[in-house]
Amino acid sequence: MADLTSDFIGIKSPNPFWLASAPPTDKEYNVRRAFEAGWGGVVWKTLGEAGPPVVNVNGPRYGAIHGADRRLLGLNNIELITDRPLEVNLEEMARVKRDYPDHALIASVMVPCEEKAWKDILPVIAETGCDGFELNFGCPHGMAERGMGSAVGQVPEYIEMVTRWAKEATPLPVIVKLTPNITNILYPATAAFNGGADAVSLINTINSITNVNLDAMCPEPMIDGKGTHGGYCGPAVKPIAMNMVAEIARNPETATLPISGIGGITTWRDAAEFMALGAGNVQVCTAAMTYGFKIVQEMISGLSQWMDEKGYESTADFVGMATPNVTDWQYLNLNHITKAEINQDDCIKCGRCYAACEDTSHQAIAMSEDRVFTVKDDECVACNLCVNVCPVDGCITMRTLAPGEMDERTGQPVSGDYGNWLAHPNNPSVTAAE
Amino acid sequence: MSKTPYSEGIQAGRLSPAELAENFGDLHPRLDDHEALVAADRCYFCHDAPCMTACPTDIDIPLFIRQIATGTPEAAAKTILSQNILGGMCARVCPTETLCEEVCVREVAEGKPVIIGQLQRYATDRLMAAGDHPFERAAPTGKTVAVVGAGPAGLACAHRLAMHGHDVTVYDARAKAGGLNEYGIAAYKAVDGFARAEVDWLLKIGGITVETGRKLGDGLTLDGLKADFDAVFLGVGLGGVNALRLEGEDRDGVLDAVDFIADLRQADDLAALGVGRDVVVIGGGMTAIDAAVQAKLLGALNVTLAYRRGRDRMNASRFEQDLATSKGVRIITNASPVAIHGNGAVREIEFAYSDDDLNPTGQSVRIPADQVLKAIGQSLQGDGLPELEGGKIKVSDTGRTSVAGVWAGGDCALGGDDLTVTAVAEGRDAAEDIHATLTA
C-alpha cells in the first residue's frame, strides 16, 4: 500500500491533498469537517488586519461555466478575504490545530504593503500553532483595488520585498501564492525565490467574466445592475495552471523552489499530473465547492491505487518525473511520424471526426456510403483533432510509424534519427549558418 | 349497482372516472425544461446524422436538438415544422424506436438513444402553446387546388400549397378534420384534444378552406374537382375495413377496431363507453395494439391480441408490443381465427394454430369473447379513381397519378409504410410538385 503521507517544505500531512484558502476553509466548523472527511491540510481563508473586517457583497458572489448536463467546468468569484474578525479566526485556528496536530494548517495572510503591517501580524498568527504562512499575492478582485492581492503579485519587486519581510518576521515556512494574471510566471516566481520564499503556490484565480446577462446587459454575477471581473477557477483553468507549474519547475533558476499546485484539481489523476510536473503537493477548492468534502476519498483511493500499480512508495517518488520531458517546441523530434487509426469495433459512426477533419483540417478521413470512417494515411498529418472530438474514449488512437516504414503523406520512409527544427533545412538560421 | 371488470358482456362504466382519467392520461408527459436540457445534452451533433436520414420527413434533428440545448426551443420548433408541419403529432405517434431513435449513435454506443421524439414534442408544444404560427403565405398566385381528405397527407399538402400562395379547399367526409389523427390514434398519445388544436394551428397559415361532410363519390367527383380547380390532391386514406370472412362475423359484439377507436376518441365521457369483459383483438398492426390497450384501459378484464404469424412479423413495433403487454394485454401468435361461436352475441372465438407460413398445425383453441375487435387491415374505397396497383393509387415519387392534374399521397397511395410521418412527407412533396407545375 502506497504511503501518501506528505512532507512539503517540512510541513507534514497525512496526504498531499490540502484545501486551498477559500470559502471552504473560512471557519472552524468547515475545517473540522474537512479533516474528518480526510483532507490532509487546509490553508485557512485569508486573514487581514485586525480591526473591522472587510465586507462582502450581499448579492451573488459566483458565476459559472457549465458543460454537458450542467457539469460545472469553471467558477468565478468576487468574494474577498475573510469577513470575520481576526481574533475569531485566530481562536478557531488554535483550537483546530490543537485537535488535529497531525494535519497541516497554513495561515493565508494579506495585509497592506507595509513592512510594519506584515511584521506585526505574522508573529500574532503564529501563536495559533499554525504550520506556516501563505502570502496571498493572488486575489485579482476587490483587494487588488486596495493595493493588495494581485496588485502585489503583479510587481516582482513587491513580491520579493514582502517575502523578505515575512521571512524576517517568522521562523515558520513561507509560501508565496502567485497570480496568473501576468505575462510570464517566471518573473514573480523568481522574485519570490529571491525574497527567500520556502515555496510558491499557484495558480490563484484568473481575471474573468463568465457570463453576460443579455436582458440587463450586465456581466454576471450582477450586483444591482453592475458586475465586475471575478477570479476564475475550476477544471477549465487546469491547463493554464499546469503550464505555469511546469515553467517554474523546469526553469534552472527556480527549479529548486518547491511548488504547491493549484488550479482545477478535481480527481486523483489531476493531482498526480500536477505532481508529475513538479508540484510537491496540491491544493483544491472548486471541486470541494462543487461536490463537497467527500471527494477527497476518491483522490486518496485513486492516487494510492495508481501508486501501487506503478510501484511508487511515496509521493516524492514521482514528483517532478514529467518535468524533464517538458521542453521547447524547437526541440521536438520532427522525424517522429504518427497516423490516426479508427477502431471500427468501437466506432459508433457519429461522423464527428469526419466533419472536423473535412471542414477544418486536412481532409484525411474518408466516409463510405454506409458510414464507415477511415483515415487516409496519405493526407493525415496526425494533428489529433479526430481523437479529441471523438465521443468514444480510445476509439481513435495515434499509431507511431516505425523507422523505415513509409509515410504515405510525404512519400518518404520514416527516419530513425532524432531531428528537430534547429537542424531542419527549412530553418532560415540553418541556411544562414552554412 | 355500478359495473366492475368482472361484469359479463359489453358494459359501460367498468372503472371509476378517476381510474379512467388516470388510464387515459398522457403516455409520455411533455419533458420539463430540465429534462429537455439533460436529454438534449446527449446529442453528439453527428455529421450527416443517421437519425435525419431515417426520418421520412428529413427533419434536421441534430440542429433542432442543439437549438433546444442553447435555450431556443422556438427556433427548434421552426426547424422541425419547416420539414414536417405535423411535427407535433408525429412527436407523439411516430414509432421513433424503428426510425430516428433506432439509428441514433447513442443507441449504438449505449443502447439508449437520445429521446428524439420527446424532444421534438418539447419544442413543438412550446411553440404551439404560445399560439404562434411561424410561417407566412407567399403572395397569392390566383391558383386553386382541391385537397380530398383532411388527414396528415392532405393537411401537409394543403399547408405547403397555402404557403406558396395558392388557395386550397380541403374536403373531408367526416365531421372533423384531422383524419386518423382525430379518429384513429390511441387516446393516450394525443390527449387534451391535441389533434383538433393542431389542425386549428395549422390553418392559421390562411388560404385554406375546410369543408367537412364532403365525400368523394357522394356529391364530389374527381372530374368535377378537376374542372373546378387547377390541381387535385387525393389523400382519402383507406375507408374500407377488411372482413374476416368467417361464419358468425355478424354476431353482436363483433366490431371493426377502427370504429371502436374512433368512438373512443370522440367520446365525451369514457365511462359511458361499453367494453367487453373478455375482449379479443385480431390483427398485428398499430390499430390492433391501440384497440387492445384501450380496451384494457377501459376496464376489460381479459384482453387477448391474436396474430396469425410470429411476433417479429407484426407490423406493430416491439415498443408497442411491450406497451400492450405491460398494460396487461396477452399477445398470442400463430393463431388464425376460424370460427366465431355464440348465440346471437359472440361467446367464443376459435383459432387454428399455424406456422409463420400459415400452414395449420392441426391444433386449435377457443377463447372466451364477448367482444371481438377486427383489425386485419383497411382498403381503399371508391370508384372513378386514378389507376390502382395492389389496391392503392399508383403514384410517382412526387405523388403524380395516372390522371394529369391529380396527385395522391398518404395511406391511399402506393408505397410508404402507412405512418403519419410518411403521409406528411408525401403530402408535402406532392405540394411542391403541384406548385412547380402550376407556376411553370
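These legends describe views of a predicted model. Residues are numbered from 1 along each chain as written, chains are lettered from A, and ligands are numbered from 1, in the order in which they are written. In this predicted model, local features need pLDDT of at least 70 and side-chain atom pairs count only at pLDDT 80 or more, while totals for chains, interfaces and linings use all residues.

**View 1. Chain A as a whole.** Chain A holds 13 helices and 22 strands (DSSP runs: H or I of at least four residues for helices, E of at least two for strands, numbered from the N terminus). Its C-alpha atoms fill a box of roughly 75 × 55 × 50 Å along the principal axes. Of its 434 residues, 45% are buried (20 or more other C-beta atoms within 10 Å of the residue's own, with C-beta atoms placed from the backbone).

**View 2. Where chain B meets chain A.** Here 10 residues of chain B are in contact with 12 residues of chain A (C-beta atoms, placed from the backbone, within 7 Å). On the chain B side, helix H2 (33-41) and helix H8 (105-110) each supply at least two residues. H8(B) gives the most, with 3 residues. By class, this side of chain B has 7 nonpolar, 1 polar and 2 charged residues (Ala, Val, Leu, Ile, Met, Phe, Trp, Tyr, Cys and Pro are nonpolar; Asp, Glu, Lys and Arg are charged; the others, Gly among them, are polar).

**View 3. Domains 2 and 3 of chain B.** Domain 2 covers 144-239 + 380-438, and domain 3 covers 241-377 (bounds from an automatic or database domain assignment). Their C-alpha centres lie 30 Å apart. The contact takes 6 residues from domain 2 and 8 residues from domain 3.

Note on methods: Two residues are in contact if their C-beta atoms, placed from the backbone, lie within 7 Å. A residue is buried if 20 or more other C-beta atoms lie within 10 Å of its own, exposed if 12 or fewer, and partly exposed in between; C-beta atoms are placed from the backbone.
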